[in-house]
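Please look through the model shown here before reading the points. They are meant to be followed with the structure open.

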Amino acid sequence: MRADLDIIQDWIPAGSRVLDLGCGSGELLAWLRDHKNVSGYGLEIDPDNIAACVEKGVNVIEQDLDKLLGNFASDSFDVVVMTQALQAVHYPDKLLEEMLRVGRECIITFPNFGHWRCRWYLASKGRMPVSEFLPYTWYNTPNIHFCTFEDFENLCRQLKITVKERLAVDREHRHGWASKVWPNLLGEIGIYRVSRPQP
């Protein structure tokens with residue numbers, strides 16, 4: 001299993017109901033079903049990924065995340081997961097609120113555009129960063145909202161969303177003391193566990 005998914009599965013209780021947004025080939029849901037007795041659905045738009053989910057026996061629905069989650073009732077799931085897609089949707093704030101409407105907790109991962117390599121590339125070359133981790137140029141990138149950990153946490157405060165856990169990891173999904181001390185500067189990927197607004 002992908003390294004980030006291995007971290008995420010630790011935060012998902014056995015026997016829970018999970019909704020995986022942009023589930024890809026269904027790798028996480030299949031693993032959770034087989035190892036933690038988890039049930040749920042994946043939402044995916046890519047036909048090849050949908051076919052891969054069906055092959056694995058994963059429940060998958062073809063759905064564009066920009067259409068939000070109006071087809072799901074409130075409190076339908078224990079956990080809603082979205083990996084590496086927050087920056088690619090049109091309304092991340094609305095989708096985040098919808099995720100917490102249909103699930104009690106959410107696990108979200110996204111690239112940190114405040115990482116020192118991004119800052120250095122922009123300062124030294126005067127162009128948007130292109131790297132192995134961010135291989136797209138500005139005109140063909142699927143990333144339409146470039147955010148940092150600070151941006152995401154500010155949004156959570158505005159929406160009164162509780163950040164329960166946060167990991168700042170590198171591209172191999174390792175985390176150490178330095179990324180705990182300076183997460184916005186040294187973390188390449190954020191992995192967040194959040195819960196709905198407190199009354």
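1. Basis of the note. The model is predicted, with local features requiring a pLDDT of at least 70 and side-chain atom pairs counting only at pLDDT 80 or more, while totals for chains, interfaces and linings use all residues. Residues are numbered from 1 along each chain as its sequence is written, and side-chain values use heavy atoms, with hydrogens and water left out.

2. Confidence. The pLDDT is the predictor's confidence in each residue, from 0 to 100. Its mean over the chain is 83, and 73% of the residues reach 70 or more. Among the elements, β1 has the highest mean pLDDT (97) and helix α7 (residues 177-181) the lowest (57).

3. The chain as a whole. There are eight helices and seven strands; these are DSSP runs numbered from the N terminus, with helices being H or I of at least four residues and strands E of at least two. Of the 199 residues, 47% count as buried, that is, under 20% relative accessible area, where over 50% is exposed and in between is partly exposed (1.4 Å probe, protein chains only). With contact meaning heavy atoms within 4.5 Å, residues 24 or more positions apart account for 67% of the contacts with a separation of 6 or more.

4. The nonpolar cores. A nonpolar core is a set of buried Ala, Val, Leu, Ile, Met, Phe, Trp, Tyr and Cys residues joined through side-chain atoms within 4.5 Å. The largest core has 29 residues, of which Leu21, Met99, Ile108, Phe152 and Val194 touch the most other members. At least two residues each come from β1 (17-21), β4 (77-83), α4 (92-102), β5 (103-111), α6 (149-158) and β7 (189-195). Helix α4 gives the largest share, five residues. A second, separate core of 21 residues includes Trp11, Ile12, Val18 and Val169.

5. The aromatic rings. Rings of Phe, Tyr and Trp (its six-membered ring) pair if their centres lie within 6.5 Å; planes under 30 degrees apart are stacked, over 60 edge-to-face and the rest tilted. The structure holds six such pairs. Phe110 and Phe152 have ring centres 5.0 Å apart and planes at 45 degrees, so this pair is tilted. The two residues lie 42 residues apart, Phe110 in strand β5 and Phe152 in helix α6. Phe110 also forms a stacked pair with Tyr192, at 5.7 Å centre to centre and 10 degrees between the planes. Because Tyr192 lies in strand β7 and Phe110 in strand β5, this pair ties together parts that are 82 residues apart in sequence. Phe110, Phe149, Phe152 and Tyr192 form one aromatic cluster.

6. Helix α2. Which residues of helix α2 (residues 27-36) are buried? They are Leu28, Leu29, Ala30, Leu32 and Lys36. The buried residues of α2 pack against α1 (3-10), β1, β2 (39-44), α3 (47-56) and β4. After α2 comes Asn37, whose phi is positive, near 55 degrees.

7. Ser195. This residue is found in strand β7. Is Ser195 buried or exposed? Ser195 has a relative accessible area of 9%, so it is buried. Not counting residues up to four places away in sequence, Ser195 touches Leu100, Arg104, Glu105, Ile161, Thr162 and Lys164.
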